[in-house]
There are 2 protein chains.
Amino acid sequence: MPLNPADEIFAETLRAVLLEGVLRPVEPRYLSEPRGRLAGQAGLLALPRDVEDVSALVRAAAEARVPVVPYGGGTGLVGGQVMPDGPRPLVISLERMSAIRTVHPADNVLVAEAGAVLADVQAAARTAGRLFPLSLAAEGSARIGGTLATNAGGVNVLRYGNARDLCLGLEAVLPDGAIWHGLRRLRKDNTGYDLRNLLIGAEGTLGIITAAALKLCPVPAGQGTAMLVVSSPRAALDLLEMARDRLGEGISAFELIHGQGLEFLAETLPDLRQPFDMPPEWCVLVELGLAAGLDPAAALEDLFADALARGLVRDGVVAQSQAQRDELWSVREHIPEANKRIGAVSSHDISVPISAIPEFIRRGGELLARFGDIRINCFGHLGDGNLHYNVFPAAGRTRSDYDGLRWEVQRAVHDLVHDMGGSVSAEHGIGRIKVAELERYGDPAKLSAMRAIKAALDPAGIMNPGAVLRMNQDRLGVPSGP
Amino acid sequence: MPLNPADEIFAETLRAVLLEGVLRPVEPRYLSEPRGRLAGQAGLLALPRDVEDVSALVRAAAEARVPVVPYGGGTGLVGGQVMPDGPRPLVISLERMSAIRTVHPADNVLVAEAGAVLADVQAAARTAGRLFPLSLAAEGSARIGGTLATNAGGVNVLRYGNARDLCLGLEAVLPDGAIWHGLRRLRKDNTGYDLRNLLIGAEGTLGIITAAALKLCPVPAGQGTAMLVVSSPRAALDLLEMARDRLGEGISAFELIHGQGLEFLAETLPDLRQPFDMPPEWCVLVELGLAAGLDPAAALEDLFADALARGLVRDGVVAQSQAQRDELWSVREHIPEANKRIGAVSSHDISVPISAIPEFIRRGGELLARFGDIRINCFGHLGDGNLHYNVFPAAGRTRSDYDGLRWEVQRAVHDLVHDMGGSVSAEHGIGRIKVAELERYGDPAKLSAMRAIKAALDPAGIMNPGAVLRMNQDRLGVPSGP
């Protein structure tokens with residue numbers, strides 16, 4: 001059965017069940033994504049005020065078989081938030097549902113609506129003397145519903161886990177419009193299937209998250225940051241192991257940075273202060289958060305000295321103030337912006353087993369050598385085995401010079417990742433841009449189970465069609481192939 | 001469509017696809033559960049050697065519409081492992097698939113087959129210089145597949161999470177016999193729906209877990225244990241808060257113990273050494289695991305002294321040796337055995353928001369007063385908001401004297417839990433014993449989604465029928481009611 005567009009007739013249906021002001025004129029900002037790879041379309045835009053509005057919208061869409069695209073902060077990098085083809089959808093933006101509903105410091109829980117901006121959730125936790133550790137470059141605009149729908153990662157996963165590990169309960173509207181009241185703030189609840197984790201990471205294809213009970217953590221008594229020049233990715237791993245032996249779970253982040261990224265920064269953001277005069281080939285950013293009684297700067301100095309003695313580290317900077325900590329983090333956090341300004345041929349958000357990182361970097365370099373003159377900026381969350389392995393034009397050339405090579409480069413990188421037991425989407429999700437990759441590399445039994453679950457929960461196929469799973473051709477209203 | 005029994009005709013079908021020795025005579029030990037509440041039945045018993053055997057068994061069962069009951073260590077407390085009614089099932093015990101397949105210390109990952117005993121997994125992790133933190137009273141016989149299928153909890157959830165939080169990947173056989181090869185050892189993998197967490201906690205109703213990639217953790221440099229007498233549950237919570245402010249994530253366990261439990265221990269296990277001459281009304285068992293440079297015993301002494309000064313604590317023991325640590329833990333770990341010997345009227349594995357524990361204990365006591373002469377032993381994982389709230393006969397009376405009251409007591413306790421935003425199954429699961437409770441207290445939208453998922457993945461309804469979700473009457477081969 002084909003889906004129907006969100007047209008004026010459907011708008012009339014909605015006006016009959018909604019208060020004025022929920023339906024809004026479609027604005028262009030809802031139709032683009034950060035890297036400009038996909039152009040969205042929308043028949044209608046709705047800005048619900050509460051879960052009942054969302055329920056009414058979805059129920060009406062299900063009855064009329066109108067596609068729905070949930071919209072959070074719009075920061076996703078795989079096109080999950082824009083629908084470029086098929087009947088024009090109803091876009092539902094959660095931005096008006098941005099309240100921090102309650103904070104329960106004694107339970108280490110905060111309940112936020114889906115439209116709350118991640119940075120605001122972090123701030124509310126801090127005000128309560130707690131830490132909400134999910135942290136990523138887009139935190140100033142990413143919204144909690146979207147970070148959960150995509151199971152966002154970021155820089156503190158090593159210690160605190162992905163978004164799903166930080167969620168205790170959800171309120172959500174399922175594809176038939178039913179409201180799931182699952183906002184429990186319990187640490188243990190074994191009553192039935194894990195619907196929470198099914199919706200987390202489903203990228204809006206199984207329902208719309210409207211609020212979440214989030215885990216808060218103790219604020220570490222002391223924090224410290226260092227940037228250490230390592231002799232190789234292998235040495236970086238040995239340093240991580242050494243740090244873990246001493247500091248256990250005290251390591252909050254362990255980020256690998258390649259000299260190419262520092263050169264891109266120098267080229268595109270020359271005012272940004274860098275810790276080393278000459279960009280080293282490899283360095284790591286280490287962040288500690290330690291309990292009372294331990295001195296993070298001293299612990300980093302010790303680690304630095306011993307790693308120097310063992311030949312793992314060649315140079316380094318241990319931050320002596322909050323300003324210096326911010327400066328080191330600023331280097332790391334601006335690499336994506338520098339990348340964007342250079343313009344990648346192909347970007348890869350991949351993971352492999354942590355111990356396989358050096359081999360992956362070596363084999364990746366060998367593999368890409370055959371594409372001739374390119375630059376590789378490989379950086380990311382070493383402690384999670386997650387690299388942003390991005391391929392750039394040679395100096396003086398541009399992205400468009402490589403148009404013919406893009407898919408070959410991607411195929412080569414993803415084949416290698418898959419061959420090494422890795423994932424072709426570590427933290428960004430599938431969205432629409434990686435649907436074919438999921439079909440190529442996904443386990444057939446899992447894909448079959450996913451399709452069965454999608455058909456069971458969303459029989460009309462209205463929820464974010466074409467994201468994660470390919471849209472059935474009959475939903476497009478065009479005859480399927482012979 | 002009715003299910004068919006696992007009879008001799010089906011056995012012939014199986015013999016045609018399996019090597020000799022997989023089918024075994026049914027033994028009584030597969031038909032009972034620890035508390036003796038349900039008596040199982042079985043038509044056939046299979047002991048597969050590998051995942052292909054499991055796949056062949058399930059595929060044949062799906063084709064013949066024969067019910068399958070997966071069997072792990074048999075330690076579950078809610079009857080998920082025994083099927084008392086319906087057509088006689090094929091019981092599949094994973095006990096021969098007990099290998100630790102690989103250990104990857106550098107990745108902090110261990111891959112175990114489903115039949116590996118939890119204690120053996122812990123030991124293999126220790127041998128590799130790592131910690132597998134899942135720890136519970138039945139760890140000497142519980143098997144990894146079962147602990148994952150039930151999302152087991154235990155004493156270290158406060159710090160390390162439930163079983164689901166300790167699993168990175170699964171190999172499983174789905175209800176059509178397809179093998180899902182999902183044994184990835186990645187920290188980040190956002191490629192599609194979270195089938196792993198859907199199978200974890202599904203209690204064998206959506207497939208059979210055959211192997212798991214498990215997270216290992218650093219072994220804390222130093223551990224310490226104390227048992228402190230607190231003036232009330234409120235004081236216990238204040239002590240937890242105080243400990244958290246100082247020691248952050250260093251608190252591995254925080255268990256509440258009521259004097260009733262210590263009295264039961266003295267009565268039923270008089271040789272077990274107890275730390276206090278007179279059982280205090282309330283005490284807590286605190287376990288620390290700290291990084292190098294910190295002294296856990298000293299940290300506990302400081303906490304004890306300051307809590308004494310604040311009036312939260314009245315007395316206490318800080319273990320000065322491993323032997324003393326073991327002794328304190330032995331008190332905690334033998335309470336379930338003492339309870340069993342006394343014989344409970346009704347047992348409740350409940351959770352509420354942590355901050356609501358004192359109110360729950362107060363209101364629970366008031367509520368049960370109307371049932372007259374009873375004894376309440378309330379103990380458990382305070383740091384998780386999870387209590388084992390068990391009701392016993394008065395001294396000199398027995399469980400059978402209260403037969404008429406059992407369900408009323410349970411209803412009263414569970415209504416209170418539900419009213420306080422809690423869960424009527426915190427860590428034991430639903431199994432068959434709590435199906436009616438799930439129907440009563442579960443969110444209707446979630447239940448409806450669960451039924452849709454079950455029907456989609458297991459359309460014949462063969463996987464552990466009657467567990468978690470009620471068996472369709474037509475599957476029993478009897479006409480459904482008017």
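Student: How many bridges join E1(B) to strand E2 of chain B, and do they run parallel or antiparallel?

Tutor: This is a predicted model. In it, 2 bridges connect E1(B) with strand E2 (residues 44-46) of chain B, and the two run antiparallel. As for individual residues, Arg24(B) has Leu45(B) in E2(B) as its bridge partner.

Student: In which order do the strands of that sheet lie?

Tutor: The sheet in chain B is open and has 4 strands in the order E1-E2-E4-E3, with mixed pairing. Strand E1 (23-24) and strand E3 (68-71) of chain B each have a single partner strand, so these two stand at the edges and one side of each is left without a neighbour in the sheet.

Student: Let us turn to the two chains. What rotation and what shift superpose chain A on chain B?

Tutor: In general, two copies of a chain are related by a rotation about an axis and a shift along it. Here the rotation is 180 degrees and the shift along its axis is 0.0 Å, with an RMSD of 0.0 Å. The two copies are therefore related as by a two-fold rotation axis.

Student: Which surface does each copy use to meet the other?

Tutor: The copies meet through the same surface, because 100% of the interface residues of chain A are also interface residues in chain B. Chain A brings 80 residues to the contact, and chain B brings 80 residues.

Student: What area is buried between chain A and chain B?

Tutor: The size of an interface is often given as the accessible area lost when the parts come together. Between chain A and chain B, about 6300 Å² is buried, and carbon and sulfur atoms give 55% of this area. On the side of chain A, the residues that lose the most area to chain B are Lys188(A), Asn190(A) and Tyr193(A), together 17% of what that side buries.

Student: How many salt bridges and how many residue pairs in polar contact are found between the chains?

Tutor: The rule finds 10 salt bridges across the interface. One of the salt bridges there joins Lys188(B) to Asp384(A), with the closest N and O atoms 3.4 Å apart. For polar contacts, the count between chain A and chain B is 46 residue pairs, both residues being at pLDDT 80 or more.

Student: Which elements of chain A supply residues to the side that touches chain B?

Tutor: Elements that each supply at least two residues include helix H5 (157-160), strand E9 (179-182) and helix H14 (444-457) of chain A. H14(A) gives the most, with 9 residues. By class, this side of chain A has 34 nonpolar, 26 polar and 20 charged residues.

Technical notes
Residues numbered from 1 in each chain as written. Chains lettered and ligands numbered in written order. Predicted model: local features only at pLDDT ≥ 70, side-chain atom pairs only at ≥ 80, totals over all residues. Heavy atoms only, no water. Pairing = 2+ DSSP bridges. Least-squares fit on C-alpha atoms with pLDDT ≥ 70 in both. Contact = heavy atoms within 4.5 Å. Buried area = accessible area lost by both parts, 1.4 Å probe. Salt bridge = Lys/Arg side-chain N within 4 Å of Asp/Glu carboxyl O. Polar contact = N/O pair within 3.5 Å; in protein donor to acceptor, adjacent residues only side chain to side chain. Nonpolar A, V, L, I, M, F, W, Y, C, P; charged D, E, K, R; others polar.
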